[in-house]
Amino acid sequence: VSAATVRVTALLSLRDELGFGTREVEFAGSTLRDLLRALPTRDGRTLDDLMTEGGELRGCYVVTVNGTRVKDVDRPLRTDDQVVTTQFFRAIAGG
Amino acid sequence: MCLHGCGIRVRVQDGVVTKIEGDPTNPDNLGKLCPKGNVGMLRLYDPRRVRAPMVRTNPRKGPGEDPGWREISWDEAMDLVAAKLKPIRETDPRKLVVASGDFQRIFNWAWPAAFGSPHFFSTVGQYCGAAYHPINGITHGCFAAINDFDYCEYWLQIGSGDGFSSHLHLSGSANRMADARVRRGMHVVAVEPRMSPAAAKADEWIPIRPATDRAFVLGLMHSLVLEHGLYDREFLRTHTNAPYLIGPDGGYLLSPEGKAMVWDAESGRAREWDDPEIGEPALEGRYEVGGAACAPGFQLFRDVIEEHTPERMEEVTTVPAATTRRIARELGEAARIGETIEIDGRTYPFRPAAVNYYRGAIAHAQGGQDCMALKMVNTLLGNIDVPGGHLGVPLDLRGFFVEPGEHGTFKPQAHILHPPVPFAFPPNSLQLIEWFPLGMDCGHMSVDVMLEPEKYHLDFRPEVLLTYHSNPVWNMPGTERVKEAMARFDYVISIDVLVTETTEWADLVLPDHTYLESTVLVMCEPPVVKGLALRQPVIPPLYDTRDATEILIDIADRCGFLNVWNDFLNFLLGLTARPELMLQPDTKYTAEEIADRVCRTVYGDDHDLAWFKEHGHKVVKRAPEEMYMPYAGLRIPFYYEVVKTMGEDLRARFEEVGYEWDTSSYVPLPSWSPGPVHRDDPEYDLYAITFKSAETNFAENLSIPVIANLTRRVAHHRGVLLNPATARARAIEDGDRIEIASRFGRIEGTARLVEGIHPDAVAVSNAITRDIGGRRGTHFNALLPIDLEYTDTFTGALEACARVRVSRLAAADGSRNGRP
């Protein structure tokens, strides 16, 4: 089984879920999905349980890898990649 | 002073700003400035500036009440803010209501969301663009739109000041418009009730009865399609959903595999839209597929416009049918349907004729349908996002929002400013955004909801109002009801530069720097350029003021959500693209530090803040491939199926909760039916409209003495405009004092008789609206309703036109007009 170490940053509610803001994370596997499954949330589930539905990212979450927004959870990750996760918030009102 | 990002150069002599001029290196405004930009230093030196934090000493509030301001220290002021807001943040953040209006620092509009407040207590943006922005986003993934200055040859302007007096980046647009008209001979036709600057300079002005623009456009489309046959069938077939079969329920007829279908005229059978065997997708006809009656969306459109003859529309608009027919022919012929053009080695369709429109045509209670109709004329001509045509304008650096949707279409992007807000009952927001799945935040509804909370099942009470460069007392319609709502707040905090009609209600005023004293990277709705320009201090702050960005950061810190706000900023400002430059959760950053990180994230470390301070901007004209057909391969809507299905979904949700809500405006095709402003009401026999010009656009600038003086010297800004025939019928003469009354309010003014206004209209300049500095204005907004009946439940647009009666006032001294 392959493994990688990436730098994970969690913003907003996901920081509370994971219990950290930024951390180096070593995980078994090679994809974003593998990483999400390796990150436990405070209720004993994983970030994959929280952020995906039917194998796809829920619309209310955003993930970037090295600064680029990623929607495919099968995207490969490599050691030293920077992964940022956040909830998609209703930011601005008005017109 | 304005939401755009014109490049300027500022001359400072002995520490005093003495001159502002356009930056000739900035391709946005091409070295030009509007009157406001030229006198910007007078905002800096405005005697009405707030010079230090101020607290109210007079508990009585309202017009004419002196707040009894007492200056206090920033520490005292921020302690007061924290004492009010921290408990709300910790219990029910919905009790804080925020009114934001600072377009140049639009990222700060997200601050209420970080606090937990979902409200939008303002009509800024929404008053003009509530219908405009969603239809732009649904149709072609953009926030605004404008005709192609470079290649357009026939510009039909309907209810807009673009290129002449207002809207998108006026300084550059006016220059480009002048070039197109004078150097290239572009033909301009203006359709509007008043002879505006655009109409005055156009080749032709077509007066129209107010709020009937959609009827004119429907007649125009009738003539284009059914009489002249001048429309782009190839574009409709290959770039839109016009050939998709529509079933009896108004939605796409789907194949057993769930795909939209078209009728293949060549093989005489229905096929899935992406079937490579399709010979010729039919645009017309009625068919039966799998036992269901169906027809292409374009056929249904033809059915609708068939009854909208120029003659029938003339009864609504007063525009002669022959004129409509002639304009249709001119427009259709000028579109050069079938021609192509090569630009920088690429070949594009060439459609140098387009309709440009804005608030005058669409700020109505059926604004969604108005916008759809206007957009559809352009789609018919095949000119959407092609040279010479009608081009999308992005909100900012992010460009067009392009994402594949269903059935080969472009994914509708109704909400460019924020993701759609899920349905909720009772609503969480005062502006009911949870009930407008495709619309804008209709801030004016905040007032109705506050005053009638039971009607909307509101389960909390707003307590504190925070206004941030926003003046809801002045900018919202239904002025008296707005004041009634203002009186219901326990506490009002204002972040602003000047004392305004709203800060007069404040308990605490926190003074911001002016734009010449503060730092931010700006560019909003640039019609032809992309890039960021730096707004930087040209002198140290004159008074004890602070940068609003830093004020909001400080409040977030004192209320315990700095980490949340920094996360918001990381996402909003795109800092997630450079994780090492993201703001740390619990660090307070200055506006300069944030700007530096934005510069480096967008342009790299060699373009940091120091580089921008030296060079000013990194603005360039958008390349042709960024402007033309940026979503090639995805179809745009002609038949607005998404509107229909979204309306049905909304209706089902309201039925589930047993609440009555009108979803009848969610239609896939526009048609003419009189809106509430056209209701039969003989007593109120005229239509009142408002207007502005370059120097009065963003009328907060009317507090600048030279702008106020300038407008006072112009007769049409001083008075209320009436057609001489209309005045004669009411025994009104030029200079008479008159009353303009609607069913919702009344104002007074001085009659100015001009031929350049439709006989059914009365026009009130926004230059005489301000109630500040001891002046009492004639505010058009007082004539308008502020309720659901006059709101488009599809887009959230509010009716900006009022039915009124006009009569001469008897002077107290017996003279004819109150003057000796």
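This is a predicted model: local features need pLDDT of at least 70, side-chain atom pairs count only at pLDDT 80 or more; totals for chains, interfaces and linings use all residues.
A residue is described here as buried when its relative accessible area is under 20%, and as exposed when that area is over 50%.

Chain B as a whole contains 27 helices and 31 strands. Its radius of gyration is 26 Å, close to the 28 Å that the globule rule gives for 820 residues, so the chain is as compact as a globular protein of that length. Along the principal axes, its C-alpha atoms fill a box of roughly 80 × 75 × 60 Å. Of the 820 residues, 65% count as buried, and among contacts with a separation of 6 or more, 71% are made by residues 24 or more positions apart. The chain exposes about 28200 Å², of which carbon and sulfur atoms supply 49%. Chain B carries 85 positive and 113 negative side chains, the centres of the two sets lying 6 Å apart.

Particular backbone geometries occur in loops of both chains. In chain B, a cis peptide bond with an omega of about 0° joins B:Phe425 and B:Pro426, and B:Pro426 is placed in the loop between β18 (390-393) and α16 (445-451). B:Glu525, although not a glycine, has a positive phi of about 55°; this residue belongs to the loop between β22 (520-522) and β23 (529-530) and is buried, at 6% relative accessibility. A positive phi, of about 80°, is also found at the non-glycine residue A:Asp80, in the loop between β6 (68-70) and β7 (82-87) of chain A; A:Asp80, however, is exposed, with a relative accessible area of 62%.

Also in chain A, A:Phe20 occupies the loop between α1 (13-18) and β2 (22-28) and is buried, its relative accessible area being 9%. Leaving aside residues up to four places away in sequence, A:Phe20 touches A:Val8, A:Ala10, A:Arg15, A:Val25 and A:Leu39. A:Glu56, by contrast, is 36 residues from A:Phe20 in sequence and 24 Å from A:Phe20 in space, C-alpha to C-alpha.

Key
Residues are numbered from 1 along each chain as its sequence is written. Chains are lettered from A and ligands numbered from 1 in the order in which they are written. Side-chain values use heavy atoms; hydrogens and water are left out. Helices (H or I, at least four residues) and strands (E, at least two) are DSSP runs, numbered from the N terminus. The radius of gyration is taken over C-alpha atoms; the globule rule is 2.2 Å times the number of residues to the power 0.38. Buried means under 20% relative accessible area, exposed over 50%, partly exposed in between (1.4 Å probe, protein chains only). Contact means heavy atoms within 4.5 Å. Accessible areas come from the Shrake-Rupley method with a 1.4 Å probe; for residues, only the protein chains shown count as cover. Lys and Arg count as positive and Asp and Glu as negative; His and the chain ends are not counted. The place of a charge is taken as NZ of Lys, CZ of Arg, CG of Asp or CD of Glu.
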